[in-house]
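This report covers charged and aromatic side-chain contacts. Look at the sequence and structure first.

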Amino acid sequence: MISTSKKISILGLIMAFGLATSTAADTLRLRLQEDPESLYNVETTSLTANTVMAEFLLERLVYFDANGNAKPWLADGWELNDAQTELTFTLRDGITFHDGEPFNAEAVAFHFNSILDPASASPNLASMGTLTGVEAVDDLTVVFKFSKPYAPFFVILADATGGINSPKAVKEAGKDYGRTPVGTGPYKFEQWIPGSEIRMSRNENYTQFRTDAQNKGAPYADEVVLSVISEDGVAQSALEAGELTGSILQTDAIATFIDNPDFTTVIDETATNLVFLEFNFQKPPFDDPKMRRAIGHAIQREAAVAAAWDGYASVALSPVALGIPGFDADVAAKYGTPYDPEKAKQMLDELGWVDSDGDGIRDKDGAPAEFLIKSYAGFTHIQRTLQVVQANLLDVGIKATLETADWGAFYPSLLEDDWHMDLMRWTSADAGILTELFRSPGHREKLDPNPAIDDLLTRCDETVNPDARNACVSEAQKVLLEFGIAVPILTNWVVIATQADVEGYNIDYMGFLLPGDVKVTN
């Protein structure tokens, strides 16, 4: 259950939306699971803070549409030079910050150069990759300069880190700016009571330029109140009592709300997480791609979806989660290893793994097919998935021993050589996760150099043009699946329940709510 620094499905993890019974019908009361330490995206990478900033206060140059394609937002368009080291944006004219200051190229350059400035000690500096500087050419033209191509940057631009602040407000507030943020978003910051709530008011002059948003003007609700509620049970009780109109649902709570006429459920099926089985490539027989693919055909993913997520997940056949730009369903279907136990048995037979003594467990050269699968403890859905995998493998004559430990013990243990497979869950907004996991030596240092994979993943990382990069990621999926790099199992969905009178609860491709669309109808 590890994530990169840019986690998505943020809303699903930390927030629940609702309407306070003590406030007017056009006030949305939302839940914060914790009190953010700052609302300045130069000085924080907090998941909670990112959600508040990205959904309500700050807008970005680009967003990703429903198909995972980068689209202009505060930008009007962009050009990339032939060397892919200069990215030039043309900005929309006439946009102002909440303090009345103009949104322009100087504001964009100020924001990103602040992150690059060592004096800022920004936790987001590493995410800037090879960016060396940002230059305002004129009021509406800004150039990002890179030492070498850096494809993940479009995701950075679309994420909370890319939200543009008012330079005047930043300079005037100084170290206190994180408590008084000023952006161009649909809501304006009004008040922050530490440990209690954050209040925001409607931006009456707001224009929404995103084509995936329904409401192109000012948001419907007058006010948003984010209340700090740390306990999930308290938040769920508030939802059931009508004190909140929406909440993320834990798996075991879904049945309470899914067919309840008093609630509407919102399900985000394009999540960016992936539960997968991976291998110790340096330990036979898992140094053989055919063995790894045989394991893939043995796993009944539908059973894992039902057992671990009560059906609220998607079967995965690709090492790229379906919510990540570049995911290619056709490649996954053609080169993946869908459940086919007879094919798995045939492949094992061909590899020389047969049940020579009739005990139900295959063997080869006197060694039984008995293998150790490691994973992390404390998560019911992981434990249930492990049990499905164990049963599936036994069905094809492989005995799997399960071993779980807290993440702090489990993950470092994968650097040792005493395991055969592990069950992992990873969340990332960008296909660069493939490089982190699968370019040699791999995230657990078990992969030998493989130019067919290593060079391809490097090329994908250095292909900045979004369409060209998606094509590269598609090609990488094919190569990785043919290599049997892992056994993708499922992507779990984010399930939210709102009161029945809430409409327009729309979540974008990156997992962010579009709050301007949310309307309470009574």
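Rings of Phe, Tyr and Trp (its six-membered ring) count as a pair if their centres lie within 6.5 Å; planes under 30 degrees apart are stacked, over 60 edge-to-face, and the rest tilted. The model is predicted: local features need pLDDT of at least 70, side-chain atom pairs count only at pLDDT 80 or more, and totals for chains, interfaces and linings use all residues. Residues are numbered from 1 along each chain as its sequence is written, and side-chain values use heavy atoms, with hydrogens and water left out.

**Aromatic pairs**

The whole structure holds 26 aromatic pairs. Y150 and F153 form a tilted pair, because their ring centres are 6.5 Å apart and their planes meet at 45°. Y150 is buried at 17% relative accessibility (buried is under 20% relative accessible area, exposed over 50%, partly exposed in between; 1.4 Å probe, protein chains only). F153 is buried too, at 1%. F286 and F371 pair edge-to-face, with 5.0 Å between centres and 75° between planes. Helices (H or I, at least four residues) and strands (E, at least two) are DSSP runs, numbered from the N terminus. F286 has a relative accessible area of 0%; F371 has 6%.

One aromatic cluster is formed by W78, F89, F112, F144, F146, Y150, F153 and F154.

**Salt bridges**

A salt bridge needs a side-chain nitrogen of Lys or Arg within 4 Å of a carboxyl oxygen of Asp or Glu. The search finds 21 of them.

| Pair | Closest N and O atoms |
|---|---|
| K345 and E342 | 3.4 Å |
| K374 and D418 | 3.1 Å |
| D461 and R469 | 3.7 Å |

K345 and E342 both lie in helix α11 (residues 341-350), 3 residues apart, about one turn of the helix. K345 is partly exposed at 26%, whereas E342 is exposed at 52%.

K374 forms its salt bridge with D418. That pair joins distant parts of the chain, 44 residues apart: K374 is in strand β19 (residues 370-376), D418 in the loop between α13 (407-413) and β21 (421-427). K374 is buried at 4%; D418 is partly exposed at 43%.

D461 and R469 are both buried. R29, E197, R199 and E223 are linked in a salt-bridge network.

**Charges over rings**

A charge sits over a ring if NZ of Lys or CZ of Arg is within 6 Å of the ring centre and within 35 degrees of the ring normal. R444 lies over the face of Y411, 3.7 Å from the ring centre. K519 lies over the face of Y220, at 4.3 Å.
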